[in-house]
Amino acid sequence: MSTLSRRSFLGANGIVLVGCFLDSMFSGAEALAAPAPAIDLNAWIKIAADDTVTVVVSQAEMGQGIMTTLPAVLVEELGARWERVQFETSPAAVAYRNPRLQWQFTGNSESISSFFDLMRKMGASARAMLVEAAARKWGIPAASCKVEDGYVIDSASQRRESFGALAPAASKIAPPKEPRLKPEREWKLLGKPLPRVDNPAKVDGSAIFGLDFMLPGMVHAAILNCPVFGGKLVSIDRSSVAGEDGLLDVIEVPGGVATVAKTYWQARKALDALRVVWDEGPHARVDSKSLMGQYHQAMAGDDWVPVKAVGGTFPTAHSAEYESQFLAHATMEPMNATAHVTSEGCEIWAPTQGQELAQVVASTILGLPKEKVQVHRTFLGGGFGRRLLVDYVVQAVVLAKAVGRPVKAIWSREEDMRHDHYRPAVLHRMAAGFDKDGYPIGIAHRLVSPTILKSVFPPAVTDKLDPSCLEGLMETHYRIPNVRIDFHLLSIPVPTSVARTTGYGPNLFAMESFLDEAAHRAKKDPYAYRRHLLGGNPRALAVLDLAADKARWREAPPAGVHRGIAFAEAFNTMICQVVELSVQDGRVTIHRVVSAVDCGTVLNPNIAENNIEGGVAWGLSNAFKSEMTFSRGKAVEGNFDGFQILRLPEMPPCETHFIDSGARPLGGTGEVGPVTVIPAVTNAIFAATGRRIRSLPLARHGLHLG
């Protein structure tokens, strides 16, 4: 009986699927065809003689659609025909840095907000160069020319010349410093549901993720990291794997040990048989209970950094503590990287969000100048912030140098989940006093959290303060005259880092739940209560009102159905979500999630909607199920049987409605979806049961999705 690989299956069956959709989708065949020799107009645009336009994509595509949306911004300004556009990923280079932060990475839901203006300028600049080339050729003013679908046209005579024919001359013309940008009323691509360019290759199985990448002569490595946080390798008994089929070497790497073999399966079998002695270090007794003890000890202490103080009136009529849990990134594709180190330099192929960090770290390890290290970015099977770190890339580079041939280093899923840099648990204590109508006159907020930013951007973090931990609290749109926020940066042995929703997630769970408590205390409708507090902000009110209108908030829900609401601004986007649910014997049935979103201008409605509703799935997973726990210095959960996430049948109906406010800078949609759905769920559960949920996940409280 012959075997059928996943890729073979996808390839065979994908032909049928692609055939069904090809007419309505961007042409994957054109997108994947080998490009003709092309001429650079700038770092982002190449045009070939056959009129093919190649656009460089600087940001990592990890399911959020950025490979479609950012090029569409550029091509819109350029005036090329979308069907003649091809795409390639950027190298690690200064030209592709985030223009706001001057660092090359993908994350924090800020690709659109950071690159939107730059992409428009690069497209418009290249368009101006092509027009000038045509005008010189025809001996007419450039102002007499127009651009349509990849051609420059003489408006008077209707002569036309293609981009491909003009590119050689255009490339010799200096780009204008301030090119004219198209008015939005002339947009043809933006604002339309342009099909995703990465879909065809992912459907037919030809897309190359990190795990798919192959090189001639490549060997495979399986990685075993020290199971205890802070522990280290003491000794390796190489005799325990003597005679293992295909095994080439056993090599110590930063954090642990690797077996190198002809195939991954051979390397993995040898790793399972390998006897290793670890020094478990000082944290071998750490567990979830002792960790939370650290949090509560810090909350009871007096080591606080005052980070915000407005007004001076802080009566305490009501107080509450909120706790968010530790979370793994749990990417579908475990950590992996391929490296090849030669006397000439180093090449890396990795599913990375941190392309420049990988280059810098590899050059340091190898003692090479940065330009001798090339980092090629593959597709990412999920990122969520985990792939901003480069620990797995470091191991691949060390191994490639040791064995003198290309090596693909792979973490098993269990290694991945148990050696993550987790989104940390966060503990809040909020206290408030109220006016005669029940509205807060002062809120005092204390927050205990480990760092989330230090592992990916250390300069932003001091010994006492990580500003990302405070996201969503420092600037709110609620009119509260007295606000005080104190922060304690907790040091724990568990590695922590950024994860989807960053600080907004845990902070807005606390903030929006506490406001719901305040509304209930005042015997006021929670939507109307928020409306009063947002009274000075028309844009915020529009989002709140749209969500309430679409959810028919002012109408009584069906018998047994209850609603919860939450509002926030996060990642420059305003969002309000209403959840409808019912609860019976601990089983929670979510009937509908309604989202109202203002991200300024929606560049691609389909992708934006996908991002918001994918975020709802992520948020519901975190609300109900997902949690990392720790015992004897180790992470307990090692796969999706323990670290539970939402299953397909559990996904509720969703409605997403956008407001085109034109606000700038544009907001992100990749991470904002989960931010308010969690407090909207817990607020709805309170409406249904009278139980106020102040810690997550809901499974701790005997509440499960029905």
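Which residues in α12 meet which residues in α13? Glu 512, Leu 515, Asp 516, Ala 518 and Ala 519 in α12 meet Pro 526, Tyr 529, Arg 530 and Leu 533 in α13. Contact here means heavy atoms within 4.5 Å. This is a predicted model: local features need pLDDT of at least 70, side-chain atom pairs count only at pLDDT 80 or more, and totals for chains, interfaces and linings use all residues. Residues are numbered from 1 along each chain as its sequence is written, and side-chain values use heavy atoms, with hydrogens and water left out.

**Overall fold**

- The chain holds 16 helices and 28 strands. Helices (H or I, at least four residues) and strands (E, at least two) are DSSP runs, numbered from the N terminus.
- The radius of gyration is 27 Å, close to the 27 Å that the globule rule gives for 706 residues, so the chain is as compact as a globular protein of that length. That radius is taken over C-alpha atoms, and the rule is 2.2 Å times the number of residues to the power 0.38.
- The C-alpha trace spans about 80 × 75 × 55 Å along its principal axes.
- Of the 706 residues, 57% are buried. Buried means under 20% relative accessible area, exposed over 50%, and partly exposed in between (1.4 Å probe, protein chains only).
- Among contacts with a separation of 6 or more, 76% join residues 24 or more positions apart.

**Helix pair α12 and α13**

- Helix α12 covers residues 504–521 and helix α13 residues 526–533. They pack at an angle of about 105°, with axes 9 Å apart. Axes are lines fitted to C-alpha atoms, for helices over the stretch in contact, and angles run from 0 to 180 degrees between N-to-C directions.
- That angle makes α12 roughly perpendicular to α13. The classes are roughly parallel under 35 degrees, roughly antiparallel over 145, roughly perpendicular from 65 to 115, and oblique for the rest.
- By class, this contact has six nonpolar, no polar and three charged residues. Ala, Val, Leu, Ile, Met, Phe, Trp, Tyr, Cys and Pro count as nonpolar, Asp, Glu, Lys and Arg as charged, and the others, Gly among them, as polar.

**Helix pair α3 and α4**

- Helix α3 (residues 66–78) packs on helix α4 (residues 111–138) at about 35°, with axes 6 Å apart.
- The contact of α3 with α4 has 13 nonpolar, three polar and three charged residues.
- Residues of α3 in this contact include Ile 66, Leu 70, Val 73 and Leu 78. On the α4 side, Phe 115, Phe 116, Met 119 and Arg 127 are among them.

**Around Val 147**

- Val 147 sits in strand β5 (residues 145–148). Val 147 is partly exposed, at 21% relative accessible area.
- Beyond neighbours within four places in sequence, Val 147 contacts Leu 78, Gly 79, Arg 127, Val 131, Val 152 and Phe 163.
- Val 147 and Phe 163 are 16 residues apart in sequence and 9.6 Å apart in space, C-alpha to C-alpha.

**Backbone exceptions**

- Most residues other than glycine have a negative phi, and most peptide bonds are trans.
- Ser 109 has a positive phi of about 55°. Ser 109 lies in the loop between β4 (85–89) and α4, and is buried at 14% relative accessible area.
- Phe 384 has a positive phi near 60°. Phe 384 lies in the loop between β17 (373–377) and α10 (391–403), and is partly exposed at 25%.
- A cis peptide bond joins Arg 664 and Pro 665, with omega about 0°. Pro 665 is in the loop between β27 (654–658) and α16 (673–689).
- Another cis peptide bond joins Leu 696 and Pro 697, with omega about 5°. Pro 697 is in the loop between α16 and β28 (704–705).
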